[in-house]
Amino acid sequence: SLIIVTPHVQQIRREFAAGFSRWHERVHGSPVAIDWRTPGGTTEILKQLESQYTAALKGGRYEQHGDMKRPEFFMKAGTIGFDAVFGGGTYDHGRLKTGVKASIQGPEGKPVDVQCPMSIPAGFETAQLESWFGKNLIGTQPLYDPDQYWTGVALSAFGIVYNRDVVKQLGLPEPRTFDDLTDARYGGWIALADPRQSGSIATSLDSILSNAGWEHGWRILREMCANTRYFTNASTKPPIDVSAGEAAAGLAIDFYGRGQSQAVALPGETPQTSRVGYVDPPGATYIDADPASIINGARHAELARRFIEFCLT
C-alpha cells in the first residue's frame with residue numbers, strides 16, 4: 001500500500017491507481033493499492049506537512065548528518081504519514097525541498113534554529129533522466145529539480161474556461177485573452193479560486209504578471225477580480241460552475257478546463273461546439289511541470305520512487 005497526498009481530482013486518482021497497480025504487477029510481480037489522501041488544495045497539503053515535520057523535529061524523531069554548522073536532517077521511515085506528494089506545480093514542490101524551520105536543542109543545551117527538507121532526492125541515474133526528459137527545460141522552467149527533490153511527470157498549461165451560452169447572453173465574444181476577462185460586462189460572472197489556497201491559480205496569476213509586465217499585469221488582475229463573483233478554495237470548482245451556467249468564465253488549469261468541456265459534450269459535439277469551451281491564450285500561455293516528490297520520512301520510499309517511474313513511462 002502506497003500513501004499519496006494529492007490535490008488531484010477523483011478521475012485522475014482512479015486512473016493512476018489502476019494503471020500503477022497493473023504496471024507494478026507486470027514489472028515487479030505484485031499489485032499495489034494506493035491510499036489517496038486529499039485534505040484540500042496544495043496549500044492545505046503543505047500546511048499539514050509543515051505541522052507534521054515541525055512536530056517531528058521538536059520531538060527528536062530525526063537523524064542528523066553533518067555537524068551543526070551544515071546539518072542535514074532526515075526523518076526515520078514512517079515518521080510522516082505520507083509516502084509521496086503527487087501534483088501541485090513546481091513552486092510548491094520547491095517549497096517541499098526548502099522544507100520547514102524549527103528550533104531544536106543544540107549540543108550545549110541551547111536552542112538552535114534548523115531547516116529540514118520535506119522531500120528527498122528520487123535517485124534516478126543521469127542517463128535515465130536524459131532518456132525521459134532530454135534537456136531539463138521548457139521555456140524558462142526546469143522539468144525536474146537538478147537535485148531530484150521533485151520530478152515533473154506531466155506538463156500543464158493555464159488558461160480560460162468559459163460557457164458559450166452565458167457569454168453569448170452577455171453580448172460578449174468568446175474570450176481569447178486574459179484582457180478579455182476585464183470587460184465590465186463580465187461583472188459578477190467570473191469564477192476564481194483563491195491563490196492562497198490553490199497552487200494552480202497562483203501559478204496562473206503569476207504567469208499573467210510575467211507575460212503582461214508588472215503594471216499592465218496588475219491592471220488585468222485588479223479588473224478581473226472586480227468582475228469576480230467569488231474566490232473559492234478549490235481550483236476544481238470554477239470549471240464546474242462555468243459548466244452549470246453559474247459563471248460565464250474563469251481561470252483553470254488545462255486538464256480541468258478541457259476535461260469539463262468533454263464531460264458535458266453531447267453525442268456528436270466537439271470541443272469547438274460543446275457549451276463549455278477552453279482556451280490557452282495565444283502568446284500568453286504558461287507551461288509548468290506537474291511534479292511528484294518522495295516524502296522525507298516515507299514508510300515506502302522505494303515504492304514512491306517506482307510510482308514516479310511509472311508516471312514517466
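R95 and D92 lie 3 residues apart in helix α3, so about one helical turn separates them. Helices here are DSSP runs of H or I with at least four residues, and strands are E runs of at least two, numbered from the N terminus. R95 forms a salt bridge with D92, with the closest N and O atoms 3.4 Å apart. A salt bridge means a side-chain nitrogen of Lys or Arg within 4 Å of a carboxyl oxygen of Asp or Glu. By this rule there are 14 salt bridges.

The model is predicted: local features need pLDDT of at least 70, side-chain atom pairs count only at pLDDT 80 or more, and totals for chains, interfaces and linings use all residues. Residues are numbered from 1 along each chain as its sequence is written, and side-chain values use heavy atoms, leaving out hydrogens and water.

R95 also forms a salt bridge with E50. This pair links distant parts of the chain: E50 sits in helix α2 (residues 42-58), R95 in helix α3 (residues 90-98), 45 residues apart.

| Salt bridge | Closest N and O atoms |
|---|---|
| R95 and D92 | 3.4 Å |
| E50 and R95 | 3.8 Å |
| R258 and D280 | 2.9 Å |

R258 pairs with D280 in a salt bridge. R258 belongs to helix α9 (residues 254-264), while D280 lies in the loop between β13 (276-279) and β14 (287-295), 22 residues apart. Shared partners join E50, D92 and R95 into one network of salt bridges.

D92 is buried at 5% relative accessibility (buried is under 20%, exposed over 50%, partly exposed in between, with a 1.4 Å probe and protein chains only). E50 is partly exposed at 27%, and R95 is partly exposed at 30%.
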